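Student: I am new to this structure and would like to understand the terms applied to it. May we go through them one at a time?

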Amino acid sequence: MADIAEPIRRASHAGVRIAGTGAYLPEKVLTNADLERLMDTSDEWIVQRTGVRERRICEDGDSLAGISAAALKSALKSAGLKPSDLDLLIVGSVSSDMTCPSAACQVLDMLAGDPEMDRGSAGAFDLTAACCGFVYGLNVAHEMIRGGAYKTVGVVGSEILSRFQQYDTAGRGTAIIFGDGAGAAILRATDDPSKGQLAQAMYSDGTRWKDLFIPNHEPRDFPGGTRATEDVLPLGYMRMNGRAVFRFAVGTFGDLIQETLDKAGVTAQDVSLFVCHQSNVRILDAARDRFGIPPERMPVNIDRLGNTSAASVPLLYNELVQSGRAREGELVMFVAFGAGLTWTSSLWRI
């Protein structure tokens, strides 16, 4: 028994590093001025309440697997790796092209057809945690590597949320907020035990699922005439109780950050970057004020990209890596919250 347990103990002390990041953004830009022509709204109203000025929108022929593959390919090149180096791929999304097979399996197939790539036999699965999908995936991947079962894991956050928006006055409660895109990270085992996660948290409150959902049929316990939005939307479109989600996020966000800091035994001043889900600029401002975090340490891109759900954290982190603002050895906290309701954090020394 000792002969079997010993290698596992040694592997569990290995570090984990984020070896590469990548992103994909559609070329099409949908501005607030565009939305003014489609629904009863205004640029001033949208910016004041959400911070969004424009968002990217996929074309009709784009697929969730396709934009995920583009982001993953970019991350692999950043890490100097190829698909056959992957032991596992996790795709976080609520907008997959089909329920079976997983988007993750389709992504690996797409990369196999690229002459610069080659196919491996990595495990692959999707993770559905709405806006928390990528950070949930980071936490899962980190523990699977730290435990010694895997060496290299790809984590993708990818969404085509424009599929679920009604671009008229009835759907303006969500259509003004959400955008499309994909981000990815490659996690690898390293001999440096200082690299990796210091603390994490993953939570949910399933009693509040009605605050944000995309129904394929009317749920039995959601009787007709009761809506999560002020306007009636058809099946297949996003429904959101915006006020309830906002109150939840403001009340939960700061407490989650504090809990994660306490678990790691550090303060907010020790963290170089807070890479937060881009849901609403007012929510980010509230957390920044609570902890006295300057804007450069809690950056935003919601003004340019909108809320891209599971893609928002990896898209923002890739920007920080590419600009040199995410530096090796520093502490970085990833934070997200979303439908479910779910909320999660992941504090790393990168």
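Tutor: Let us begin with a term: a pocket is an open set of grid points with protein on both sides within 12 Å along at least five of seven lines, and its lining residues have an atom within 4 Å of a point. Please note also that this is a predicted model.

Student: Which residues lie nearest the centre of the second largest pocket, and how many residues line it?

Tutor: The lining comprises 26 residues, and Ser 93, Val 94, Ser 95, Thr 128 and Ile 214 lie nearest the centre. By class, this lining has 15 nonpolar, 10 polar and one charged residues. The space in the second largest pocket is about 570 Å³.

Student: Why are α4 and α5 called oblique to each other?

Tutor: Helix α4 (residues 64-79) and helix α5 (residues 103-112) pack at an angle of about 60 degrees, their axes being 9 Å apart. Angles of 65 to 115 degrees count as roughly perpendicular and those under 35 as roughly parallel; α4 and α5 are therefore oblique. Their crossing is right-handed.

Student: What makes α8 oblique to α9?

Tutor: The axes of helix α8 (residues 242-264) and helix α9 (residues 281-291) cross at roughly 40 degrees and come within 9 Å. This angle makes α8 oblique to α9. The contact includes Phe 246 and Phe 253 of α8, together with Ile 283 and Phe 291 of α9. By class, the contact of α8 with α9 has 10 nonpolar, two polar and three charged residues.

Note on methods. Residues numbered from 1 in each chain as written. Predicted model: local features only at pLDDT ≥ 70, side-chain atom pairs only at ≥ 80, totals over all residues. Heavy atoms only, no water. Axes fitted to C-alpha atoms, helices over the stretch in contact; angles between N-to-C directions. Helix = DSSP H or I, 4+ residues; strand = E, 2+ residues; numbered from the N terminus. Parallel < 35°, antiparallel > 145°, perpendicular 65-115°, else oblique. Left-handed = near helix turned anticlockwise from the far one by under 90°. 1 Å grid on protein atoms, 1.4 Å probe; cavity = no way out; pocket = protein on both sides within 12 Å on 5 of 7 lines; lining within 4 Å. Points joined across faces, edges and corners; volume = space filled by probe spheres on them. Nonpolar A, V, L, I, M, F, W, Y, C, P; charged D, E, K, R; others polar. Contact = heavy atoms within 4.5 Å.
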